[in-house]
Amino acid sequence: MSESEPQAAAPSRPRLDVPERMHGLLDAVTNIGRGLELPQVLRSIVQAAVALTDAEYGALGVIGDGQRLSEFLPVGMADDRVVRIGQAPCGRGILGELIHHPVPLRLTDLADHPASYGFPEHHPPMRTFLGVPIRVRDEVFGNLYLTEKRGGTDFDADDEAVLSALANAAGVAIDNARSYRESRRREQWLEALGEITRALLAGTGVGEVLRLIARRASEVADADQTVVLLPDRADAGRLTVEVAHGADAEHVQGLRLPVSGSLAGLAVRTGAPVATADVTADSRALTLGDAGDRAAAYGPAVAVPLPLDSSACGALRLSRRTGRAAFDDTEVALVSRFADQAAIAWELARRRAESEELAVMQERDRIARDLHDLAIQRLFATGMTLRSATRGIDRPDAAERVSRAVKDLDTTVQIIRSTIFELRSAGDDRGGPGLRRRLPETARLAAQSLGFSPSLRIDGPVDSTVPGDVAEHVLAVTAEALSNVARHARARQADVVLTVPSAGDRLTLTVQDDGVGVRAAEPTGGLANLRSRAEQYGGTLAVESLATGGTRLVWQVPLPPG
């Protein structure tokens with residue numbers, strides 16, 4: 001059916017008398033009232049109208065934004081003919097006449113009316129016409145259109161009266177179906193929010209929760225595509241599609257949109273939902289297709305703010321295919337409340353995670369404090385006792401054993417102090433693993449070429465005071481120094497010590513081995529490279545042979561103040 005026609009089909013049958021028509025009308029009203037799903041109710045209304053008036057074709061048009069038809073349900077045409085005709089009517093011609101003047105309209109010949117718009121290609125001929133508005137409470141919901149009275153006769157006043165009565169009953173049925181749909185939709189929203197809240201409180205990852213939000217919002221709002229946009233990490237003026245769900249998801253994932261000039265950006269800036277019946281024709285919006293093609297495939301869209309914390313706000317954007325109904329006010333309100341509740345659940349989960357992290361940090365601090373106040377003090381006191389006892393030992397070998405025990409205690413104290421610093425700075429590497437975690441990996445990799453594992457000690461607030469660029473040099477210098485030991489020193493032991501004093505004003509890296517001495521390392525270009533790295537930061541490199549054999553390399557650089 002075109003801009004001036006509808007659709008329905010049934011074989012010709014004798015005209016019904018008044019009692020039969022009244023009985024048929026009551027049956028139709030009863031059957032329509034049984035339906036709860038809106039699409040089912042709408043189609044049953046058209047089918048009843050066709051049967052009661054003996055029309056060849058019938059249709060129901062739902063009025064959307066801008067006094068245009070948002071839905072058009074034809075009855076009476078074969079599906080293949082509907083496909084050949086193409087795009088459904090939008091509300092021009094005779095169909096538009098009934099939209100702008102919502103009163104019953106009965107015509108003997110469609111072509112004689114001044115608003116007649118004609119028929120598209122492949123459309124069947126139509127002459128007689130009857131149309132009535134459908135009101136839901138005080139609102140004109142849509143119109144019933146009938147054409148081609150069977151038997152070649154015109155629609156009469158009885159047909160108009162029957163159709164008007166059916167339209168009144170249809171308004172009540174549609175109102176009930178819409179109430180039922182809204183109730184079911186609210187129930188689905190609550191189920192979806194419950195699932196998201198459970199996932200957040202169970203510690204599900206951020207990415208998985210965002211995908212869950214997109215999927216559940218798409219299901220409940222009957223959207224073809226849903227995306228979650230978050231502030232771009234590199235550009236505050238842009239939003240990035242963090243998660244995409246539904247049609248063409250793989251083509252929009254990762255796209256970046258400007259905050260200014262996009263529907264999602266408008267929702268973020270205003271803090272209010274923004275909806276449009278056709279995103280491709282809306283001057284406020286930049287379609288996702290503009291950034292990644294396939295723009296014409298989507299028309300209706302809604303974007304709502306998604307506040308993830310007090311300083312950052314993303315957006316939830318839902319789209320439907322071109323030709324589908326726009327998101328109505330109820331759907332926009334539900335999507336907005338859904339995003340608000342999801343954001344609240346997100347904030348609660350974030351605060352819970354912060355609380356758990358704080359508890360872990362407090363426990364680490366307690367352990368570090370106990371190690372310092374109890375273990376170190378006891379070890380230090382034991383060392384002092386042994387030192388004082390050494391003077392009273394007559395046998396040299398026994399005195400030496402005690403001295404070695406004191407040295408071991410000193411080393412143990414240093415290890416515990418390093419552990420204390422690690423415990424207290426464990427939360428300082430949120431931007432990535434710090435030196436305390438990365439340097440052991442460098443030493444472990446060097447063990448493969450050394451043939452043994454070098455010892456490693458880290459003293460001081462390394463992660464909290466060493467800048468990232470200096471840390472990279474420390475790792476490179478350590479790797480190069482141990483590589484030199486492996487290639488030239490013929491050593492059986494290597495010790496790596498990284499020290500930052502409590503003042504945090506300098507960093508000292510010492511690599512010592514028990515090999516053949518410094519001469520074996522001199523011909524290589526590695527030492528020049530290490531010296532260059534130190535001088536780049538105003539530091540120094542010192543390499544010396546030890547009297548007891550082996551080599552000590554000391555790489556030192558100043559650190560910027562706090």
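User: Which residues of H12 are buried?

Analyst: This is a predicted model, in which local features need pLDDT of at least 70 and side-chain atom pairs count only at pLDDT 80 or more, while totals for chains, interfaces and linings use all residues. Residues are numbered from 1 along each chain as its sequence is written, and side-chain values use heavy atoms, with hydrogens and water left out. Helices are DSSP runs of H or I of at least four residues and strands are runs of E of at least two, both numbered from the N terminus, and buried means under 20% relative accessible area, exposed over 50% and partly exposed in between, with a 1.4 Å probe and protein chains only. On these terms, the buried residues of H12 are Leu435, Arg436, Leu439, Thr442, Ala443, Ala446, Ala447 and Leu450.

User: Within what arc do the buried residues of H12 fall, seen down its axis?

Analyst: The arc is taken from the directions that run from the helix axis to the C-beta atoms. The buried residues of H12 line one face of the helix, because their arc is 155 degrees.

User: How far apart are the end C-alpha atoms of H12?

Analyst: The expected span of a helix is 1.5 Å times one less than its number of residues. For the 16 residues of H12 (residues 435–450) this should come to 22 Å, and the model agrees, because the end C-alpha atoms are apart by 22 Å.

User: Which residue follows H2, with a positive phi?

Analyst: Helix H2 covers residues 38–53 and has 16 residues, with its end C-alpha atoms 23 Å apart. Its buried residues include Leu38, Val41, Leu42 and Ile45. The residue that follows H2, with a positive phi near 60 degrees, is Asp54.

User: Is Asp248 buried or exposed?

Analyst: Asp248 lies in the loop between strand E7 (238–246) and helix H7 (249–252), and has a positive phi of about 60 degrees although it is not a glycine. Because its relative accessible area is 17%, Asp248 counts as buried.

User: What is the relative accessibility of Asp222?

Analyst: Asp222, in the loop between helix H6 (206–220) and strand E6 (225–231), is not a glycine, yet has a positive phi of about 55 degrees. Asp222 counts as partly exposed, because its relative accessibility is 43%.

User: Which backbone nitrogen does the side chain of Asp109 reach?

Analyst: Asp109 is in the loop between strand E3 (105–107) and strand E4 (129–136), and is partly exposed, with a relative accessible area of 24%. A polar contact is a pair of N or O atoms within 3.5 Å; within protein, one must be able to donate a hydrogen and the other to accept it, and residues adjacent in sequence count only if both atoms are side-chain atoms. At 3.1 Å, the side chain of Asp109 reaches the backbone nitrogen of Ala111.

User: Which residue's backbone oxygen lies 2.7 Å from a polar atom of the side chain of Ser262?

Analyst: Ser262 sits in the loop between strand E8 (256–258) and helix H8 (263–270), and counts as buried at 1% relative accessibility. The backbone oxygen 2.7 Å from a polar atom of its side chain belongs to Pro258.
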